[in-house]
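This report describes the fold of one protein chain and then turns to selected local features. Please consult the sequence and the structure shown here while reading.

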Amino acid sequence: MNHVTKPNIDKTSQKIWLKSPLAVFTASNSDASGGLVVHDDKIIECISAGQTPKSEYDSVIECGNFVLTPGLINTHHHFYQTLTRCLPQAINKPLFPWLKTLYKVWQHLDDEMLYSATQLASLELMLSGTSMVCDHHYVFPKGLDNAIDIQAEALKQLGCRAMLTRGSMSLGESDGGLPPDSVVQTQDTIIQDSIRVIKQHHESFEGAYLNIALAPCSPFSVTTELMQETASVAQKHNVLLHTHLAETEDENVFCERMYGMRPLAYLDKCNWLGPQTWLAHGIHFSADEITLLGKHKVGIAHCPSSNMLLASGICPTLELEKAGCKIGMAVDGSASNDCSNLSQEVRQSLLQQRLKYGAELITAEKVLGWATAGSASVLHRNDIGELAPGKQADIAFFDLNELRFSGAGDPIAALVTCGVYKASKLMVGGNLVIEDEQHANALSEQILHQHTQLAKQLHAKSA
Ligand SMILES: [Zn+2]
């Protein structure tokens, strides 16, 4: 397997002043125009306009060309799908036919492919300014029983934080489900492995690099008993719950036919409604359902590009937020978005949500807030997602000294509307995991060739 070189991590206990940035988006409305002081893994000071650090500092990073934001946080992805972007047989299809076509390919996934896809998708996210990645892996063909362990190993090389969700499918085609029987597992296998993976990998302390959650692919790809058992295991081990919900109207029809009720009522029946749950997409809800979701403080992974590409619909973010839901941002899988770039997703959200709510309510700060503090609250992380003293030093540096930003007045608005797509530097827990363009290129080269070859192998196996 291809191992990338560990980033050049400076573990000295220096206090670093990130000096005089062009602008800072703190996600908490505080003033940090003079920059930030980082010590070890944390931010220890936000400096107001025209001020210098109150604390002593050992070194300086000049930030005159940079907009600083909290490291972006992705709340939903399927890393393995980077191997099947734009497959001719799947493009231009809505969700269900798209899924049925791709399951035939995904059933040939192996451990080497998943390792490579995890590294590639995570690096792609990091290069767009993402400090915490998230994956929902639910395809377990024979031989890939230790998928989450493979992903945890692959991530160690990169230095980002991650939420890995142990996905599941127990209803194959022969039981009325969508996927072929070859990619589903038995209920016992799923529950036992879920408990093992939590015990082995889940970190619950401040500054954690790896969190685990439990995540049936959708309420219709597992049995009712497994949905309920998953909720009870998650509660017992104090981990979060995740699944896809209300992505399309087809799904509502499918659920009513299968269970005689709409998906949210079914989720309620399975004891899933509560702040421990976050849902990918969350588009097709009635007003009463939004009230119910808000009452239970459910989190939503808002995936604008995927929703537009598959023509699924527009997430009612503001109604959900007003009701009490937490809104985070996500790129979704790379076969429905085809792009793991969270900076671009922020722009897509601004454009898409303005169509629904108008220009005044959907601002650059609003959508950046969803991708940072919003995502952090969806993933129950109060140590990241904001630039404030005491928070982890997860910081994206965006260089505005480029043609596309030239002439811009408001740097934060420019970041979103002029279309930023890459971070020049990325700090995670005080470590510069992306140092500069040369470093970013070197990391990419180490992963790219193998991923391309493995994708070709996967396509050939299913041809
Ligand atoms: Zn998804």
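Which exposed residues does the face of H8 turned away from its buried side carry? That face carries Asp288 and Lys295; exposed means over 50% relative accessible area, buried under 20% and partly exposed in between, with a 1.4 Å probe and protein chains only.

The model is predicted, so local features need pLDDT of at least 70 and side-chain atom pairs count only at pLDDT 80 or more, whereas totals for chains, interfaces and linings use all residues. Residues are numbered from 1 along each chain as its sequence is written, and side-chain values use heavy atoms, with hydrogens and water left out.

**Helix H8**

Helix H8 comprises residues 287–295, and its buried residues are Glu289, Ile290, Leu293 and Gly294. These residues lie on the same side of H8, because they cover an arc of only 135° around the axis; the arc is that of the directions from the helix axis to the C-beta atoms. In general, an α-helix has 3.6 residues a turn, so residues three or four places apart point the same way. The packing partners of the buried residues of H8 are helix H7 (263–269), strand E12 (277–281) and helix H10 (317–323), where contact means heavy atoms within 4.5 Å.

**Positive phi values**

Most residues other than glycine have a negative phi.

| Residue | Phi | Location |
|---|---|---|
| Lys297 | near 55° | follows H8 |

Cys86 counts as partly exposed, at 48% relative accessibility.

**The chain as a whole**

The chain contains 14 helices and 17 strands; helices (H or I, at least four residues) and strands (E, at least two) are DSSP runs, numbered from the N terminus. Its radius of gyration is 21 Å, close to the 23 Å of the globule rule for 463 residues, so the chain is as compact as a globular protein of that length. The radius is taken over C-alpha atoms, and the rule is 2.2 Å times the number of residues to the power 0.38. The C-alpha trace spans about 65 × 50 × 45 Å along its principal axes. Of the 463 residues, 60% count as buried.

**Asn441**

Asn441 belongs to helix H14 (residues 437–461) and is partly exposed, with a relative accessible area of 40%. Its C-alpha atom is separated by 9.8 Å from that of Leu127, although Asn441 and Leu127 are 314 residues apart along the chain.
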